[in-house]
Amino acid sequence: MITYEWRPRLEGDELDEVIELVTTAAEYDDEAGFSHIDPALVREVGDGTRTVAHLPIKARRDLSPLEDVPMVIVAYLHLTVDADGLGTVSYVVHPDYRSRGITTLLVEEMGLDTGGPDGWDHTGAIALRCWAYSTHPASGRLTRRFGVPAVSRQWTLVRHLTGPFALPLDKPVVPAGVTLTEPRELTADDPVLADVLESAELAPRHRDRITDELRLGGGLIADARNADGDVLGFVWFSIDHRRHLDLRSAPVHALVLSAAARGEGVGTALLLGALWHQIDADVQLSTLRIDPEDTGAVRMCRLLGYEQEDVHSCYQVGESASPPPAFR
């Protein structure tokens with residue numbers, strides 16, 4: 001029913017077909033927030049520090065049983081294996097071929113054994129990790145069937161800013177001796193961000209995620225400063241409208257405080273300030289991702305009227321000492 005073969009790189013018609021697949025799937029899954037693959041990953045090749053492998057999964061068009069029907073790419077798996085043998089998997093099925101047993105058949109044929117001398121399916125991966133974004137029913141069924149545990153989770157929270165579900169929103173109360181700057185456009189070389197990240201005592205996986213995303217620029221930054229002008233923390237957010245649940249939404253990308261500034265109300269003031277700027281920009285729904293193990297962040301968001309919408313899960317087979325990466 002399906003055929004597949006690992007490739008160190010994709011070229012020609014196969015490359016074009018996979019790029020079209022991941023682009024179509026990303027557009028189809030955008031509102032639901034499901035996993036997607038950046039087309040740039042499809043062009044990747046390995047280097048001296050990691051192995052990159054591409055797995056186009058093919059079947060006959062419309063899963064026809066007739067041998068004269070042409071083969072097409074119905075799913076794609078991207079694998080990166082680091083120097084320690086940890087494999088990071090990204091995977092997507094074309095929307096026209098979902099709920100038709102493609103993934104189940106692939107796992108049954110390839111297996112999930114990472115204990116062989118050459119790792120999983122001779123790729124060198126001694127452990128595999130894969131994020132499933134949003135509460136995706138297919139990932140839940142598959143991981144239960146094959147006994148794949150989740151090793152990390154992230155939550156998406158939403159805060160209604162207008163409409164019948166919106167709770168009253170307080171104005172920011174700034175602690176004594178602290179001032180909030182007006183939002184400015186984020187630039188990749190903003191001088192204050194590195195200092196805050198350095199003093200925030202974040203888990204490495206969260207610091208690395210935020211650092212990588214900040215380098216891309218975009219959105220707005222507002223920070224809090226003490227009387228000496230030292231930056232205590234910042235909030236990074238957007239006022240550009242996206243469609244979510246048929247509402248105009250915008251995300252708060254990150255809220256980061258130095259370790260010394262926590263518990264003083266600085267984070268609440270920064271977040272409230274960002275929400276009011278979103279209201280002024282006619283945003284109806286604000287979204288935010290958090291680590292559910294960060295009890296302080298969970299409590300703050302609950303008090304500000306956020307509701308949990310989605311759970312994102314990182315699944316793993318095999319053993320690795322490396323902590324799971326933060327959700328991206």
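Helix H3 (residues 102–110) and helix H4 (residues 137–146) have axes that come within 11 Å and cross at roughly 25°. The model shown is predicted.

**Helices H3 and H4**

- Angles under 35 degrees count as roughly parallel, and H3 and H4 are therefore roughly parallel to each other.
- The crossing in which H3 passes H4 is right-handed.
- On the H3 side, the contact is made by Thr-103, Thr-104, Val-107 and Glu-108.
- These residues meet Leu-142, Arg-145 and Phe-146 in H4.
- By class, the residues of this contact are 3 nonpolar, 2 polar and 2 charged.

**The second largest pocket: residues**

- The lining of the second largest pocket consists of 33 residues.
- Leu-202, Leu-255, Asp-294, Gly-296 and Ala-297 lie nearest the pocket's centre.
- The lining divides into 15 nonpolar, 8 polar and 10 charged residues.

**The second largest pocket: elements**

- Helix H8 supplies the largest share of the lining, with 6 residues.

Definitions and conventions
Residues are numbered from 1 along each chain as its sequence is written. This is a predicted model: local features need pLDDT of at least 70, side-chain atom pairs count only at pLDDT 80 or more; totals for chains, interfaces and linings use all residues. Side-chain values use heavy atoms; hydrogens and water are left out. On a 1 Å grid over the protein atoms alone, a cavity is a set of points where a 1.4 Å probe fits but cannot get out, and a pocket is an open set with protein on both sides within 12 Å along at least five of seven lines; lining residues have an atom within 4 Å of a point. Helices (H or I, at least four residues) and strands (E, at least two) are DSSP runs, numbered from the N terminus. Ala, Val, Leu, Ile, Met, Phe, Trp, Tyr, Cys and Pro count as nonpolar, Asp, Glu, Lys and Arg as charged, and the others, Gly among them, as polar. Axes are lines fitted to C-alpha atoms, for helices over the stretch in contact, and angles run from 0 to 180 degrees between N-to-C directions. Angles under 35 degrees count as roughly parallel, over 145 as roughly antiparallel, 65 to 115 as roughly perpendicular and the rest as oblique. A crossing is left-handed if the near helix is turned anticlockwise from the far one by less than a right angle, and right-handed if clockwise. Contact means heavy atoms within 4.5 Å.
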